[in-house]
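Here are my notes on the model you sent over.

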Amino acid sequence: MAKSYYLISDLHIGGDEALGVCDYEEELVAFLQKLAGQEEEAELLVVGDIFGMWEFTNIKGPEKLQALMQQFPNIFEAFREAGEKIKITILPGNHDYEIACYPEFVEILKDFNIDLEQRPAITRELAGKRIWIEHGNQYDDFNHMPDFGNPYAQPMGYFITSMMVS
């Protein structure tokens, strides 16, 4: 049986004040539970912007992930359980770009059975072909990371978003 891939993106989980509510939490947890119950070999790829880190305006760096874990313990537990059965891989997008900048994020997410790839793109083999997987923000002038991996090299979109949220 061939390996199945599930791709999702732009969940934008978390942020200050009202952004700390996830309207689709129940559906996401149910989806992760469904994946955990499958018998097939599968990989869930979260292709950028899983987290709304630009939307946190009062905390910095890895502390944002700690805040997210407190805001959404059910989601993180569902990831942990699904990750016991299938591979879960996360790529950074523009709104959660910081996960590409600090090695601590790799270790924290590993505790939830999530593999964090701290690069803009990856490939996978599917039906004898190689597919390219990325969030795509690197092609947008307002959201392009000018020095990928540098937490201080934020694009214009970061400043616009964080000013609007704060």
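The points below go through the strands, then the charged pairs, the rings and a surface patch.

1. Ground rules. This is a predicted model, so local features need pLDDT of at least 70, side-chain atom pairs count only at pLDDT 80 or more, and totals for chains, interfaces and linings use all residues. Residues are numbered from 1 along each chain as its sequence is written, and side-chain values use heavy atoms, with hydrogens and water left out.

2. The open sheet. Helices (H or I, at least four residues) and strands (E, at least two) are DSSP runs, numbered from the N terminus. Two strands pair if DSSP finds at least two bridges between them. Four strands make an open sheet in the order β1-β2-β3-β4, with parallel pairing. The edges are taken by β1 (4–8) and β4, each with a single partner strand, so one side of each has no neighbour in the sheet. Between β1 and β2 there are five bridges, and the two run parallel. If you want a spot to check by eye, L7 has L45 in β2 as its bridge partner.

3. The hairpin. Strand β5 (residues 121–126) and strand β6 (residues 129–134) run antiparallel and are joined by six bridges. Across the pair, T123 stands opposite W132 in β6. Two residues separate the strands of this hairpin, and A127 in the turn has a positive phi of about 55°. That phi is one I'd look at on screen.

4. Salt bridges, overall. The rule here is a side-chain nitrogen of Lys or Arg within 4 Å of a carboxyl oxygen of Asp or Glu. How many salt bridges does that rule give? The count is eight. K3, E43 and R124 are linked in a network of such bridges.

5. A bridge between two strands. K87 pairs with D115, with the closest N and O atoms 2.8 Å apart. This one links distant parts of the chain: K87 sits in strand β3 (residues 87–91) and D115 in strand β4 (residues 115–116), 28 residues apart. For exposure, buried means under 20% relative accessible area, exposed over 50%, and partly exposed in between (1.4 Å probe, protein chains only). K87 is partly exposed at 34%, and D115 is partly exposed at 32%.

6. Two other bridges. E117 and R119 meet at 2.9 Å, N to O. Both ends are partly exposed: E117 has 22% relative accessibility and R119 has 40%. Is R130 buried or exposed? R130 is exposed, with a relative accessible area of 62%, whereas E125 counts as partly exposed at 47%.

7. Aromatic pairs. Rings of Phe, Tyr and Trp (its six-membered ring) pair if their centres lie within 6.5 Å; planes under 30 degrees apart count as stacked, over 60 as edge-to-face and the rest as tilted. That gives seven aromatic pairs. One of them is F51 with F76: the centres are 6.0 Å apart and the planes are at 10°, so the pair is stacked. F51 is in the loop between β2 (42–47) and α2 (63–71), while F76 is in helix α3 (residues 73–83), 25 residues apart. F51 is buried at 2%, and F76 is buried at 4%. Together with F112, F51 and F76 form one aromatic cluster.

8. The edge-to-face pair. Y97 and F148 are 5.6 Å centre to centre, with 70° between the planes, which is edge-to-face. Y97 lies in the loop between β3 and α4 (103–110) and F148 in the loop between β6 and α5 (156–165), so this pair ties together parts 51 residues apart in sequence. Y97 is buried, with a relative accessible area of 0%, but F148 is partly exposed at 27%.

9. A nonpolar patch. Patches are made of residues with over 30% relative accessible area and no salt bridge; like charges are joined within 9 Å, and nonpolar side chains (Val, Leu, Ile, Met, Phe, Trp, Tyr) within 5 Å. Areas come from the Shrake-Rupley method with a 1.4 Å probe, and for residues only the protein chains shown count as cover. F142, M156, F159, I160, M163 and M164 make a nonpolar surface patch of about 680 Å². Among them, I160 lies in helix α5 and is partly exposed at 35% relative accessibility.
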